[in-house]
Structures are given as structure tokens and as C-alpha cells.
Amino acid sequence: MGSAHKRQLSDPEIRVKALESLLVEKGLIDPKALDDLVDTYETKIGPHNGAQVVARAWSDPAYKQRLLEDGSAAIGELGFSGMQGEDLMVVENTPEVHNILVCTLCSCYPWPTLGLPPVWYKAAPYRSRAVSDPRGVLQEFGVEVPEDKEVRVWDSTAELRYMVLPERPNGTEDMTEDGLASLVSRDSMIGVALVNPPA
Amino acid sequence: MNGIHDLGGMHGFGPIDIDPEQPLFRNDWERRVFALFFGCAPHGFFNLDEFRHAVERMDAAEYLELSYYEHWLHAYETLLVGNGAITAEEYATRCAEIAQEAG
């Protein structure tokens with residue numbers, strides 16, 4: 001760790017350090033509190049929350065009905081709420097319809113149930129093409145949707161975010177809610193993956 | 001308002017970078033940029049709509065060239081300097097000091 005070998009900082013590294021140090025000096029921010037917050041969003045709030053919601057909906061028809069009628073309220077029942085999830089609508093995949101989410105303008109995403117969005121969700125290729133060629137995008141993710149199945153694209157906004165309720169796979173009739181939740185991936189709740197039966 | 005951020009339907013951005021192992025933050029500085037939003041939010045320097053608007057007002061070529069958290073960094077600079085939370089001079093000085101120390 002000799003100081004003779006100090007690494008050159010990149011331009012964004014310098015700028016964020018400068019902003020942070022000025023705000024700390026002015027007594028406006030507490031770096032430790034911010035570290036804790038980032039840790040929460042990076043490790044504690046994530047797709048495992050959404051997976052529990054999906055598993056509950058698959059196991060409890062009354063819950064599923066509440067979830068499709070008022071997503072935010074039903075998700076709140078499981079204790080998941082907060083920033084970027086105030087108004088959340090759940091869209092159901094069925095044998096007739098496949099749903100897929102995007103935010104063409106930026107990066108709107110249901111944080112309380114899925115955590116922070118993946119890098120590709122926020123990047124130009126996905127944002128531009130999900131609305132004009134959703135079937136092509138799905139193929140890129142390895143999902144073939146039959147010609148006679150409708151594909152619905154939901155473009156999220158600052159006010160209203162979406163989450164996909166994937167189709168429950170066959171052969172899972174005897175599984176517990178926890179077991180079901182373990183099958184549900186982040187991508188399946190964005191609509192770019194299907195949920196596979198247990199191997 | 002229409003703008004470069006309105007990417008829906010545009011052509012030519014190439015394949016989607018699908019990597020299931022992709023971390024949420026690719027560099028530690030991205031983590032710091034994300035954190036600053038929560039540091040600034042309680043002080044009312046800007047709200048979420050102003051923040052988004054600051055990103056949407058970016059120069060089109062710059063918007064396309066820069067990564068997601070560089071958009072955020074641009075918005076902080078615009079808004080914090082714009083509303084006087086920090087001055088352009090002290091910010092420029094601090095950036096130069098940090099670059100100097102590291103180099």
C-alpha cells in the first residue's frame with residue numbers, strides 16, 4: 001500500500017468524493033448513515049421480497065385477488081412498502097397473456113419487492129427495444145412466447161410501477177410457500193424469464 | 001416534453017447486456033453516487049421530479065455516452081450548485097485537490 005503507487009482516480013470518482021466531502025463539511029450528511037442505507041438496498045431489500053408475494057398469491061386465492069385489485073395494499077400486508085413502491089400494480093401472466101415491464105424514460109422499478117433494478121434494465125438497448133420488439137427482447141433472454149399468446153408491455157412511470165405475477169409451473173402442487181418462493185427469480189417478476197418447475 | 005431520455009422505439013443500441021451475475025453497482029463510486037441521493041433528500045435541495053428533470057435536460061450526446069450513475073452525478077452538480085447548496089468555485093477547487101492528492 002505504498003503511497004508511491006497511488007492509483008489515478010477516474011473522473012466520476014473525483015466528482016463524487018468532492019461532492020460528498022463538501023456536504024460532510026457543511027454538516028449536511030453523515031457518511032455512516034449513508035453506508036447503512038446502501039447496504040439495506042443492496043442486500044436486504046431484493047427480489048426475495050417479491051418472491052414471497054408471488055408464492056403467497058399462488059397458495060392463497062383470496063390473497064391473489066387482493067393483490068391483483070390493489071397491489072400496494074396486498075404487498076403491504078406482507079410488510080413490504082416504501083420508496084418507489086407507493087403505487088404498485090401487479091399484472092398476471094396466464095396461458096393467454098405474457099407481461100413484460102420496462103421504463104423507457106429512465107429506471108422506474110418496484111423497489112420494495114424487487115430491490116434496485118439490474119444494470120440492463122436502466123440501459124438504452126432494453127429501454128428502447130422492449131416497447132417496439134418485445135418478442136425479440138424476450139428471445140434475447142431465452143424466452144419463446146408462442147405466436148398466439150399475447151404479449152403486453154407495461155411502461156412504468158414515476159407514479160405507477162408494475163410487477164409481474166408469473167405463471168405457477170406444473171408439478172408444484174404439493175410445495176410449501178417457502179419452497180415456491182425459492183423458484184421465483186427476479187427476471188420472472190420483470191417478465192423476461194419464466195418460472196421453471198423444480199429440477 | 002420530448003427529449004433524448006425518451007428512448008422507447010429508438011433503433012441502433014445493440015444487444016442487451018444480459019449477465020445474470022451482474023452486480024447492482026459495478027464500481028464503488030456508483031454506490032457513493034446512489035447514497036448521496038438519500039443524503040440530499042432530507043434537506044430539500046431538490047425533489048425526485050427536479051432530479052429526473054435535471055437528467056432529462058442533459059446534452060443529448062452526453063446522455064447517450066455516459067452511464068446511469070454518471071447521469072445522477074450530473075444531476076447533483078446541476079441542482080446543488082444551481083440552488084446554492086455548494087458553490088461552483090468550491091466544488092472545482094475540491095475536485096482539483098482530490099485529483100492532486102490521488103495523483
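How many helices and strands are there in chain A? Chain A has 10 helices and 4 strands. Here helices (H or I, at least four residues) and strands (E, at least two) are DSSP runs, numbered from the N terminus.

## The model

This is a predicted model, in which local features need pLDDT of at least 70 and side-chain atom pairs count only at pLDDT 80 or more, while totals for chains, interfaces and linings use all residues. Residues are numbered from 1 along each chain as its sequence is written, and chains are lettered from A and ligands numbered from 1 in the order in which they are written.

The model scores are ipTM 0.94 and pTM 0.92. For chain B the mean pLDDT (the predictor's confidence in each residue, from 0 to 100) is 92, and 98% of the residues of chain B reach 70 or more.

## Chain A

Along the sequence, the elements of chain A follow the pattern α-α-α-α-α-β-β-α-α-α-β-β-α-α. Taken along the principal axes, the C-alpha atoms of chain A fill a box of roughly 60 × 35 × 35 Å.

Chain A is assigned domain 1 (11-43) and domain 2 (46-190); such bounds come from an automatic or database domain assignment. The centres of domain 1 and domain 2 of chain A, taken over C-alpha atoms, are separated by 31 Å.

## Chain B

Chain B has 5 helices and 0 strands, and from the N terminus on its elements run α-α-α-α-α. The C-alpha trace of chain B spans about 40 × 35 × 25 Å along its principal axes.

Within chain B, the axes of helix 1 (residues 28-40) and helix 4 (residues 68-82) come within 10 Å and cross at roughly 45°. Axes are lines fitted to C-alpha atoms, for helices over the stretch in contact, and angles run from 0 to 180 degrees between N-to-C directions. Helix 1 and helix 4 of chain B are therefore oblique to each other. Angles under 35 degrees count as roughly parallel, over 145 as roughly antiparallel, 65 to 115 as roughly perpendicular and the rest as oblique. The crossing of helix 1 and helix 4 of chain B is left-handed; that is, the near helix is turned anticlockwise from the far one by less than a right angle, whereas clockwise would be right-handed.

From helix 1 of chain B, Glu30(B), Val33(B), Phe34(B), Leu36(B) and Phe37(B) meet Tyr69(B), Trp72(B), Leu73(B) and Tyr76(B) of helix 4 of chain B. Two residues are in contact if their C-beta atoms, placed from the backbone, lie within 7 Å. The residues of this contact divide into 8 nonpolar, no polar and 1 charged. Ala, Val, Leu, Ile, Met, Phe, Trp, Tyr, Cys and Pro count as nonpolar, Asp, Glu, Lys and Arg as charged, and the others, Gly among them, as polar.

## Where the chains meet

The contact takes 43 residues from chain A and 42 residues from chain B. On the side of chain A that touches chain B, two or more residues each come from helix 1, helix 2 (31-44), helix 7 (124-132) and helix 8 (134-140) of chain A. Helix 1 of chain A gives the largest share, 12 residues. By class, this side of chain A has 27 nonpolar, 6 polar and 10 charged residues.

Helix 1 (residues 11-25) of chain A packs with helix 5 (residues 88-102) of chain B at an angle of about 120°, their axes 9 Å apart. That makes helix 1 of chain A oblique to helix 5 of chain B. The crossing of these two helices is right-handed. Among the residues of helix 1 of chain A in this contact are Ile14(A), Ala18(A) and Leu22(A), and among those of helix 5 of chain B are Tyr91(B), Cys95(B) and Ile98(B). The residues of this contact divide into 7 nonpolar, 1 polar and 4 charged.
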